[in-house]
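Reader: Please take a close look at one part, the surroundings of the ligand, and follow the charged side chains on from there. Give the cut-off with each term.

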Amino acid sequence: MRRKIIAGNWKMNLRFDEAKALASAIRDGESAYRHEVILCPSFPYLTSLAQVLAGSKISLGAQNCADRENGAFTGEVSASMLASVGIPYVIIGHSERRIYYHESHAVLKDKINIALANGLKPIFCCGETKEVRLSEQQANYVERQLEESLFHLSEDDILRVIIAYEPVWAIGTGLTATPEQAQEMHHFIRTRIAARYGRAIADQIIIQYGGSMKPDNAAELLSQPDVDGGLIGGASLKADDFKAIIAAV
Ligand code: PEP
């Protein structure tokens with residue numbers, strides 16, 4: 001049985017006092033959580049929130065890292081910096097990074113390599129745009145994202161990656177993939193992993209769903225056999241909603 005992992009992507013939201021209050025509220029009641037929980041706040045809050053969460057089972061992740069090791073890259077944050085302050089996870093390839101910051105398959109491949117080389121566990125986002133879904137090309141589109149940025153990895157390394165299937169048309173739009181649509185794509189992704197790495201590895205990889213997951217649709221989505229958790233944006237900014245998603249299954 002794969003474990004489920006629920007991650008909150010706070011994006012570029014919350015002032016510091018609000019972020020601390022949200023992390024504390026999510027920590028409260030964690031003894032009831034049956035799943036692993038990861039919070040992904042903005043870079044400046046990571047080390048302070050590590051103190052808020054010290055001694056708890058809740059982990060922290062960054063929302064991005066640089067595609068270079070270190071050096072003269074003003075404004076960037078490297079994977080080695082994140083590792084040096086004890087951050088275990090990093091989101092790589094979120095659709096907002098792909099769309100607004102033009103991150104290519106090749107750049108994301110470099111980020112994956114550097115994150116893994118520094119001991120971080122990437123949460124690699126993939127998912128099709130609305131145009132691609134309307135032309136029914138979602139499987140080819142997502143397969144290419146996996147092949148170009150992930151499938152060069154060794155067996156040991158792919159096992160350290162979490163995949164988040166996030167249809168772009170469902171992110172922040174209030175539109176959610178139906179449980180059947182989510183299951184179909186998660187099953188497809190697992191089939192492609194099995195074709196590349198074998199069934200035993202494919203069966204271990206965590207594939208989260210992301211895209212307007214909320215307390216009222218979480219149980220159905222998270223009950224699908226190939227849906228191993230969620231990457232939650234908007235609903236992760238409200239402690240009660242995020243906790244309800246964690247408790248949904
Ligand atoms: C996300 O940004 O990863 C996401 C899934 O956002 P939302 O839940 O708001 O659709």
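**The ligand and its surroundings**

Author: An oxygen atom of the ligand lies 2.7 Å from a backbone N or O atom of Gly 172, which is a polar contact in the sense of a pair of N or O atoms within 3.5 Å (within protein, one must be able to donate a hydrogen and the other to accept it, and residues adjacent in sequence count only if both atoms are side-chain atoms). The model is predicted, so local features need pLDDT of at least 70 and side-chain atom pairs count only at pLDDT 80 or more, while totals for chains, interfaces and linings use all residues. Residues are numbered from 1 along each chain as its sequence is written, and side-chain values use heavy atoms, with hydrogens and water left out.

A polar backbone atom of Ser 212 is 2.7 Å from an oxygen atom of the ligand, and for a backbone N or O atom of Gly 234 the distance to a ligand oxygen is 2.8 Å. On its own the ligand has 290 Å² of accessible area, of which the protein covers 97% (Shrake-Rupley method, 1.4 Å probe; for residues, only the protein chains shown count as cover).

In total, 14 residues surround the ligand, each with a heavy atom within 4 Å of it. The closest are Lys 11, His 94, Glu 166, Gly 172 and Ser 212. By class, this shell has four nonpolar, eight polar and two charged residues; Ala, Val, Leu, Ile, Met, Phe, Trp, Tyr, Cys and Pro count as nonpolar, Asp, Glu, Lys and Arg as charged, and the others, Gly among them, as polar.

Although Lys 11 is not a glycine, its phi is positive, at about 55°. Lys 11 counts as buried because its relative accessible area is 19%, where buried means under 20%, exposed over 50% and partly exposed in between (1.4 Å probe, protein chains only).

The side chain of Lys 11 forms a salt bridge with Glu 96, at 2.8 Å from N to O; the term stands for a side-chain nitrogen of Lys or Arg within 4 Å of a carboxyl oxygen of Asp or Glu. Since Lys 11 sits in the loop between strand 1 and helix 1 and Glu 96 in helix 4, the pair ties together parts that are 85 residues apart in sequence. Glu 96 is partly exposed, with a relative accessible area of 25%.

By this rule the model has 15 salt bridges. In another of them, Asp 228 pairs with Arg 190, the closest N and O atoms being 2.8 Å apart. That pair links distant parts of the chain, 38 residues apart: Asp 228 is in the loop between helix 11 (215–222) and strand 8 (229–232), and Arg 190 is in helix 9 (residues 179–197). Both Asp 228 and Arg 190 are buried. They also belong to a network of salt bridges that links Arg 2, Arg 190, Asp 226 and Asp 228.

For the pair of Arg 199 and Asp 203, the closest N and O atoms are 3.2 Å apart. Arg 199 is partly exposed at 44% relative accessible area, and Asp 203 is partly exposed at 34%.

Conventions: Helix = DSSP H or I, 4+ residues; strand = E, 2+ residues; numbered from the N terminus.
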